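The sequence and structure are shown first.

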2 protein chains.
Amino acid sequence: MATLRSLYRSDHADRPEFNTNFDVDYVIHYQVPAEDSTKAEAAFVQLIEALSSVGLATEVRRGDDSSVLVFVKVASEYLLEQHAYRYRVQDWLYGVRTSAPSKDLGSCFQEQPVSEAEKLRLVYLLITKPRNEGGAGVTPGSGQWTSVKSIFPLHNHAFNREWIKKLSTNYFIEEDDINQIRDKFGEQIAFYFAFLQTYFSFLIFPAAFGLGAWLVLGQFSWFYAVVNCLWSVVFFEYWKKKEVDLAVQWGVRGVSRIQHPRTQFQFEREAQDPVTGEILKVYSPFKRLQRQLLQLPFAIVCLLVLGSLIISCFSIEIFISEVYNGPFKQYLVFLPTLLLSVFMPALTTILTNLAEKLTHLENYETHDSHQAAFVQKMFVINFIVSYLPIILTAFVYVPFGKVLVPYLDIWHVTAQHFTTDGKVEIQPFEVNPDRLKKQIIYFTVTAQVVNLLLEAVVPLIKRKVFKKVKEVKTAKNGAPQHEDHEGEAAFLQRVRNEAELDKYDVTVDYREMVVQFGYLSLFSVIWPLTACSFLVNNWVEARSDALKIAVGSQRPVPWRSDSIGPWLTSLGFLSWLGSLTSAAIVYLFNKDPYGPNGVPSNVTGWALLLSILFAEHLYLVVQFVVRYVIGSLDSPGLQKERAERFAMRKLHLQETLGEDFADNAVAANLGAGEKITRAALEEEARKASVSGSGTPEQLFWQRQRGAQETIQIGRGLISEAAAANKTKSQ
Amino acid sequence: MATLRSLYRSDHADRPEFNTNFDVDYVIHYQVPAEDSTKAEAAFVQLIEALSSVGLATEVRRGDDSSVLVFVKVASEYLLEQHAYRYRVQDWLYGVRTSAPSKDLGSCFQEQPVSEAEKLRLVYLLITKPRNEGGAGVTPGSGQWTSVKSIFPLHNHAFNREWIKKLSTNYFIEEDDINQIRDKFGEQIAFYFAFLQTYFSFLIFPAAFGLGAWLVLGQFSWFYAVVNCLWSVVFFEYWKKKEVDLAVQWGVRGVSRIQHPRTQFQFEREAQDPVTGEILKVYSPFKRLQRQLLQLPFAIVCLLVLGSLIISCFSIEIFISEVYNGPFKQYLVFLPTLLLSVFMPALTTILTNLAEKLTHLENYETHDSHQAAFVQKMFVINFIVSYLPIILTAFVYVPFGKVLVPYLDIWHVTAQHFTTDGKVEIQPFEVNPDRLKKQIIYFTVTAQVVNLLLEAVVPLIKRKVFKKVKEVKTAKNGAPQHEDHEGEAAFLQRVRNEAELDKYDVTVDYREMVVQFGYLSLFSVIWPLTACSFLVNNWVEARSDALKIAVGSQRPVPWRSDSIGPWLTSLGFLSWLGSLTSAAIVYLFNKDPYGPNGVPSNVTGWALLLSILFAEHLYLVVQFVVRYVIGSLDSPGLQKERAERFAMRKLHLQETLGEDFADNAVAANLGAGEKITRAALEEEARKASVSGSGTPEQLFWQRQRGAQETIQIGRGLISEAAAANKTKSQ
């Protein structure tokens with residue numbers, strides 16, 4: 001395993017296993033089942049034959065004591081280039097690239113060499129694509145490939161080392177870094193880092209402004225709320241444009257439509273694509289729509305299930321911390337946290353499974369749309385878990401606490417059952433207005449830090465423990481220790497370690513950032529320092545995510561992508577919702593936060609609703625304006641796209657119609673038109689004089705032969721008219 | 001003049017002037033000024049020379065007694081085709097067309113002949129484009145062409161006759177009719193009729209449903225409001241898609257960007273277009289943005305000026321009709337109408353001028369964007385004039401009438417000044433809840449009918465009167481009567497009449513429809529029969545608009561366009577606003593419309609706001625869903641576009657790389673890949689065995705030579721692992 005330390009060790013040059021991948025493109029981790037080894041052998045033979053039939057070279061080595069490792073590389077450079085070229089042409093055919101790849105293979109790869117990411121993606125497709133589409137059809141864990149545990153590329157540790165070093169000594173991730181990430185890990189992960197960097201840069205403003213607001217304006221300032229909303233609109237609209245721009249610059253715009261078809265997709269019938277003439281598998285969009293409607297009951301179920309858990313724990317907590325005054329209070333306050341940490345993961349897992357089932361039911365053609373639909377459903381769960389507690393505090397506990405606390409008698413009665421004398425000491429209830437701020441600080445500082453630690457440390461410990469267990473087991477079993485070939489032993493050890501690592505899932509990291517953005521947009525008016533905390537957190541987050549990819553996970557398959565996908569919708573939604581919640585919070589708490597009873601007073605329904613209504617429409621107007629302004633700016637990517645499309649068309653024109661014509665066509669200018677014109681006119685005049693008389697039309701146009709006669713007669717008519725005019729005016 | 005009667009006369013065949021245009025493309029109406037006829041003659045000479053220099057044939061004839069008519073046609077078919085071809089190629093270069101025009105001119109025009117509209121557009125551009133861009137540079141009324149009064153094409157009366165006949169005997173305007181309109185009058189007008197037809201078809205549903213609602217549910221039904229909102233969303237989203245579809249089918253998508261540059265555009269600097277390499281005139285978008293911000297004060301001014309007029313008249317009316325009970329009441333009730341009809345047109349004219357000035361200040365590059373910006377400003381004026389009176393009644397007069405009427409004392413005091421004894425009889429005020437319905441009926445029935453009549457009849461009368469005046473004048477002056485050539489006299493008379501007609505402005509007709517849609521969306525819950533009235537009205541409207549174009553106006557220059565332009569935004573806005581007003585109206589009036597005092601009772605602010613808030617968000621959710629559903633349907637136009645783009649790229653590929661490759665590239669399939677693979681593998685193996693040993697990488701890949709060795713060794717490893725597993729599990 002490449003530990004952080006090993007990556008940074010100065011004697012790295014002495015450890016060749018981290019500096020070479022032995023030209024290996026992919027490693028197939030082949031698990032030998034405990035029984036039926038004949039079957040496993042047969043499947044293995046099929047595997048190697050399938051791989052070699054599509055032009056992949058293979059080597060096999062021992063894995064851990066119950067698996068073997070198959071090393072795969074593409075057999076020849078020429079084959080790879082053939083593949084790469086065909087995929088590039090396909091991209092162009094489907095409009096993903098705007099410029100056609102150069103006709104000559106050599107110059108095509110000179111202009112745009114095959115990057116590591118492109119190579120790895122192609123080889124992965126070669127391994128996994130169905131046989132009838134020219135791949136080896138090896139799909140880990142399904143069908144005949146149940147023994148194939150995973151297929152993963154090897155880390156480029158030389159790059160990883162440089163990358164981590166550079167990131168950890170720089171404040172910003174530069175465009176150049178993003179491009180490097182793209183070359184090594186593909187566009188999907190590059191998009192994540194580009195988003196993270198944009199978000200980080202944008203956070204500087206609310207962090208500075210929030211600090212100022214915290215010092216000068218205090219909590220619940222409407223001015224802070226307005227600026228914060230404005231910022232979130234600008235950020236969202238800017239990213240929306242930036243995203244398109246990046247996709248165009250990277251030549252991946254629209255790639256989600258054609259990339260990565262799902263093997264599980266069930267089709268109803270086959271039909272010819274009216275566009276490409278291919279045979280397509282079709283599934284009725286209406287049927288899918290019907291199934292998508294199930295999202296509504298799903299959201300309701302989530303709200304009911306998670307909501308009731310949160311409300312129960314919330315009310316127990318209030319009862320214990322603010323009403324209850326009996327024995328064991330100091331222990332009992334941990335009860336709700338305990339309940340939450342037991343039931344929440346369980347319920348979330350159940351609901352996640354449900355979401356997965358629903359998404360499968362919706363039966364998408366491509367992985368990207370499947371993933372997007374799944375993320376949408378997960379967002380509902382995340383939303384409830386992350387924001388409902390604060391919403392409860394802000395909009396239920398503080399304003400209605402006094403009214404609702406008597407209903408907490410249910411816990412009082414419950415508590416009485418547990419005491420011997422049936423008596424429970426209670427204290428008079430007071431709404432604790434500080435609770436809201438404390439909760440925000442918990443979610444935006446404590447939880448973030450805890451999360452970061454969990455993310456970084458837990459997998460590390462998990463891996464160490466597993467490794468130890470394995471070692472102990474192996475030692476106990478006394479399984480035969482085989483010697484690796486000298487010179488590759490260390491490398492093989494490294495590969496065995498990488499085989500044990502988890503897969504990296506970028507959606508987890510996106511989710512974290514989007515949920516964080518939500519706190520900022522929805523609730524930061526409660527505690528303006530929120531953005532400061534996030535700024536610090538995200539600097540660390542970017543580095544820890546990089547480490548997670550470089551050290552903590554298998555190298556991801558470098559998929560392409562043309563946006564941050566479904567998270568964009570979530571961002572927009574949270575930004576919009578922020579205008580509502582901020583307005584409501586400011587209205588409720590701004591007046592006199594620590595009023596007579598520490599609760600907002602003089603709250604009237606219509607004024608609350610009016611502030612919300614007003615804020616929302618202000619938001620929509622601002623969004624409209626910002627969108628217009630950002631839309632009217634030209635972006636390098638879109639410009640590039642237009643230029644390439646134009647150049648391509650002009651080239652086509654030059655090739656078919658000649659240089660001159662193409663130049664003139666730009667201005668739709670008749671260039672050498674005048675000559676044609678004169679000739680045509682003379683010809684016309686000649687014809688007319690020959691024919692003498694003819695149809696009424698010919699007669700009409702023969703009254704004046706040529707422009708000179710028109711001029712002559714016209715002058716006569718004008719003098720006449722002028723003379724008549726004069727007579728009249730006299 | 002082609003009167004309606006003359007178009008329909010059975011003896012049409014005997015009136016050749018309506019059946020031929022003598023091949024004339026355009027007529028230039030050249031006004032001879034009362035003084036300085038020498039200058040006029042010189043300008044005339046320049047005009048004819050300019051026209052003939054770009055290949056236009058000319059004939060001159062007498063106009064009315066102070067003008068001459070210059071007849072223009074393109075000199076040869078060949079020249080026209082050259083122009084048409086170059087414009088088509090330009091369209092393709094700029095991405096307006098997706099398919100490149102055929103390389104061979106002959107087959108290009110066989111596939112897609114030059115329509116009347118295309119020809120007329122090209123000739124118009126030839127006449128009006130600046131000289132350095134290859135045109136004659138004749139711009140009516142400006143610069144050296146102050147004497148050029150107008151440039152207009154001649155009506156195709158044979159077509160017009162058929163068209164009007166077909167329209168007036170059919171319920172629907174078919175797709176075929178729209179295509180014919182497009183061929184004769186260009187895409188801009190075709191878009192109007194397509195919109196009108198779609199709107200008309202969509203109206204059938206709310207008309208039927210409205211009738212049912214009126215019979216069963218009565219006024220102010222929330223169910224009607226919901227259905228009506230849903231309908232307006234579906235209509236709007238459908239049209240948005242349909243519009244794009246039509247634009248693609250007609251090959252005009254994106255044409256507004258490149259069409260019709262404004263000669264008045266002021267540029268700051270010249271720069272090279274990064275895309276096409278042309279020299280472009282650039283104006284800073286930020287400067288324009290600053291000037292666009294002036295729209296806000298403009299809107300406020302409009303609201304203040306028009307608003308105060310409407311409020312004054314409104315309050316006077318209420319005072320006179322419902323408070324005042326003195327003498328002359330039967331005459332005085334007309335006072336507010338009188339005031340409105342005097343001041344409203346005056347104020348509207350002033351504000352329109354202001355809007356024009358503002359739009360000029362914003363300095364747009366193209367006519368289309370200029371027009372769009374102007375329409376936006378006009379929409380503000382239209383909105384206030386059309387809807388404010390109803391808004392006042394619904395949201396001020398009825399709910400707050402009791403409270404506000406005492407303030408009408410100002411009119412009472414004013415009235416006292418006009419009486420001799422200073423006494424004015426008044427009656428006790430009662431809010432008249434029927435007023436709202438009456439007002440709606442007025443706006444949606446009476447006003448529509450009046451408007452239709454005004455539109456159809458007034459220009460007719462105006463023309464008749466003007467003609468009479470002219471005849472009388474001419475007779476009195478005894479100006480010399482010249483005989484036209486026999487055979488063209490009737491035709492010339494017809495042309496002289498057409499020269500006197502107004503220009504047709506499609507925005508006026510769009511405005512009417514959009515304002516009408518607004519009544520339906522905003523207020524039809526007050527009177528569900530609204531849509532019935534509109535359905536009837538619009539059937540007539542379509543025919544009367546056709547008549548206006550065919551008989552009442554000069555034939556319009558057939559401009560292209562790719563959408564209904566700025567009206568789309570207005571439609572969306574009105575549809576959205578409808579959700580708010582409908583909810584408010586239903587809440588205010590639904591309970592007990594004729595309560596104790598005939599006014600809504602039990603109105604609470606928060607409940608009102610909550611209904612609005614709820615309705616609006618329901619609207620937004622529904623819009624989101626409808627947009628998603630409509631978006632997921634494929635449309636023939638977009639499919640055509642994709643297919644053409646794909647075909648074009650594939651063609652390019654076939655031309656450069658060969659047939660086979662292009663076919664395989666569609667699936668990015670390596671087709672003949674296997675052969676290459678085997679060969680490559682064998683070559684690889686050969687090389688390896690030759691080189692013997694080498695770098696660690698080479699050594700690594702030489703342990704197993706070929707797939708067979710890998711299989712062999714792999715089987716060994718698997719058996720070992722399986723054996724070890726067995727030992728372990730025992």
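## Interface between chains A and B

In this predicted model, 133 residues of chain A are in contact with 131 residues of chain B. Together the two chains bury about 12,400 Å² between them. Carbon and sulfur atoms account for 67% of that buried area.

Five salt bridges are counted between chain A and chain B. A salt bridge is formed by A:E488 and B:R703, whose closest N and O atoms are 3.1 Å apart. On the side of chain A that touches chain B, the largest share comes from helix 27 of chain A (residues 706-729), which supplies 16 residues. Sorted by class, this side of chain A comprises 70 nonpolar, 35 polar and 28 charged residues.

B:R262 is located in chain B, in the loop that runs between helix 10 (255-258) and strand 5 (269-272). Is B:R262 buried or exposed? Its relative accessible area is 7%, and because this value is under the 20% cut-off, B:R262 is classed as buried.

Leaving aside residues up to four places away in sequence, B:R262 touches B:H360, B:N363, B:Y364, B:E365, B:T366, B:H367 and B:H370. With B:H370, the side chain of B:R262 makes a polar contact of 3.5 Å. B:E365 is 103 residues from B:R262 in sequence, yet their C-alpha atoms are 5.7 Å apart in space.

## Confidence of the prediction

For the complex, the predictor gives an ipTM of 0.78 and a pTM of 0.84. Chain A has a mean pLDDT of 83, with 88% of its residues reaching 70 or more. Within chain A, confidence is highest in helix 8 (residues 187-216), at a mean of 94. It is lowest in helix 25 of chain A (residues 673-691), where the mean is 52.

Where pLDDT is low, the predicted coordinates should not be read in detail.

Definitions and conventions: Residues are numbered from 1 along each chain as its sequence is written. Chains are lettered from A and ligands numbered from 1 in the order in which they are written. This is a predicted model: local features need pLDDT of at least 70, side-chain atom pairs count only at pLDDT 80 or more; totals for chains, interfaces and linings use all residues. Side-chain values use heavy atoms; hydrogens and water are left out. Helices (H or I, at least four residues) and strands (E, at least two) are DSSP runs, numbered from the N terminus. Buried means under 20% relative accessible area, exposed over 50%, partly exposed in between (1.4 Å probe, protein chains only). Contact means heavy atoms within 4.5 Å. A polar contact is a pair of N or O atoms within 3.5 Å; within protein, one must be able to donate a hydrogen and the other to accept it, and residues adjacent in sequence count only if both atoms are side-chain atoms. Buried area is the accessible area (1.4 Å probe) that two parts lose on being put together, summed over both. A salt bridge is a side-chain nitrogen of Lys or Arg within 4 Å of a carboxyl oxygen of Asp or Glu. Ala, Val, Leu, Ile, Met, Phe, Trp, Tyr, Cys and Pro count as nonpolar, Asp, Glu, Lys and Arg as charged, and the others, Gly among them, as polar. pLDDT is the predictor's confidence in each residue, from 0 to 100.
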